[in-house]
Amino acid sequence: QYIADVYDKQRQYPAALQVYQEALTIFRGLLKAKKGDRQSFLTSESIVLSRLAAIYFKESKYDLALATYQQMLPNADERGDLIGKVQILNNSGVIYANQTEYVKALAAYEQALTLVRSLCCYRGDEAAILNNISSLYFSLGQNRRALEVADQATKIYLRLSSEKFAGLQKTEIELLHDILGEDNSNPTLTSRGLSVRATVGDTANNDVVVKAGQANNLTNLAHLY
């Protein structure tokens, strides 16, 4: 898995996919053998599947990405991983949006939003999903509704902002640029002028990723205005 992570970071996606598949086969073999810590193996399987889905998304292989996310749902349910389920629903919505299946995309986003609002302390994820919903409404030509939803995200980012964001380090700024570059490689929605994040999850609440979401939000607002 760690070797595949390195290939992924280097954007050597075919090599990453092959090695992730090897890791997935091993984890599933351990689960089938019913030896060791099942919860740990389930978590590892989920991580590998999420990495696979992300690569399929980057390569615009949307059917494969969607099928991979669907494989993750039973795993998330068994582990009681509600934020993981939020991530799966949101990312499925992003894929549907790229396929211009806007009704399915909105349904997935709304499910993710309802679930994340039932949890404590995942406001960064909530704001990211709102960004995606705003982008979707813009794609549908519903600019006023898009602006209303983007404004909800703006208010969350303002509450999340604090003095600790005042001085990002050089490495953090580079990471921020990388996040924005990776997550806005969306040919459908980006071509319409609004940016969209590919993923949410625990990392959506760290400083740099919150900044990335806030930057996307401000870009969306600027296009809408």
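Modeller: Helices (H or I, at least four residues) and strands (E, at least two) are DSSP runs, numbered from the N terminus. This is a predicted model, in which local features need pLDDT of at least 70, side-chain atom pairs count only at pLDDT 80 or more, and totals for chains, interfaces and linings use all residues. Residues are numbered from 1 along each chain as its sequence is written, and side-chain values use heavy atoms, with hydrogens and water left out.

Colleague: How many helices and how many strands does the protein chain have?

Modeller: The protein chain has 11 helices and zero strands. Read from the N terminus, its elements are α-α-α-α-α-α-α-α-α-α-α.

Colleague: How do I read burial, and what share of the residues counts as buried?

Modeller: Buried means under 20% relative accessible area, exposed over 50%, and partly exposed in between (1.4 Å probe, protein chains only). In this protein chain of 225 residues, 48% count as buried. Accessible areas come from the Shrake-Rupley method with a 1.4 Å probe; for residues, only the protein chains shown count as cover. The accessible surface of the protein chain is about 11,100 Å², and carbon and sulfur atoms account for 55% of that.

Colleague: What share of the contacts between residues at least 6 apart in sequence joins residues at least 24 apart?

Modeller: A contact means heavy atoms within 4.5 Å. Of the contacts between residues at least 6 apart in sequence, 65% join residues at least 24 apart. Tyr102 and Leu140 are 38 residues apart in sequence, with C-alpha atoms 8.0 Å apart. Ile129 and Asn90 are 39 residues apart in sequence, and 6.7 Å separates their C-alpha atoms.

Colleague: Which residues touch the most other members of the largest nonpolar core?

Modeller: A nonpolar core is a set of buried Ala, Val, Leu, Ile, Met, Phe, Trp, Tyr and Cys residues joined through side-chain atoms within 4.5 Å. The largest one here holds 57 residues, and Leu52, Tyr109 and Ile129 touch the most other members. Elements giving two or more residues to this core include α2 (13-33), α3 (38-58), α7 (123-139) and α11 (207-224). Ile129 is in helix α7 and counts as buried because its relative accessibility is 0%.

Colleague: How is the length of a helix such as α2 checked against the expected span?

Modeller: The expected span is 1.5 Å times one less than the number of residues. Helix α2 has 21 residues and reaches 30 Å from its first C-alpha to its last, close to the expected 30 Å. For α3, also with 21 residues, the reach is 30 Å, again close to the expected 30 Å. The buried residues of α2 include Tyr13, Leu17, Tyr20, Phe27 and Leu31.

Colleague: Which polar contact does the side chain of Asp8 make?

Modeller: A polar contact is a pair of N or O atoms within 3.5 Å; within protein, one must be able to donate a hydrogen and the other to accept it, and residues adjacent in sequence count only if both atoms are side-chain atoms. Asp8 is in helix α1 (residues 2-9), and its side chain makes a polar contact of 3.4 Å with that of Lys58. Asp8 counts as buried because its relative accessibility is 12%. Beyond its neighbours within four places in sequence, Asp8 is in contact with residues including Tyr13, Tyr20, Arg51 and Lys58.

Colleague: Where does Ser134 lie, and is Ser134 buried or exposed?

Modeller: Ser134 lies in helix α7 and counts as buried because its relative accessibility is 0%. A polar atom of its side chain is 2.8 Å from the backbone oxygen of Ala146.

Colleague: Which cysteines does the disulfide join?

Modeller: A disulfide is a covalent bond between the sulfur atoms of two cysteines. The cut-off used is a pair of cysteine sulfur atoms within 2.5 Å. The structure holds one disulfide, joining Cys120 to Cys121 with an S to S distance of 2.3 Å. Cys120 and Cys121 are both exposed.

Colleague: What is the phi of Arg11, and what is that of Lys34?

Modeller: Most residues other than glycine have a negative phi, and most peptide bonds are trans. Arg11 has a positive phi near 60 degrees and sits in the loop between α1 and α2. Lys34 has a positive phi near 55 degrees and sits in the loop between α2 and α3. Arg11 counts as partly exposed because its relative accessibility is 48%, while Lys34 is exposed, with a relative accessible area of 75%.
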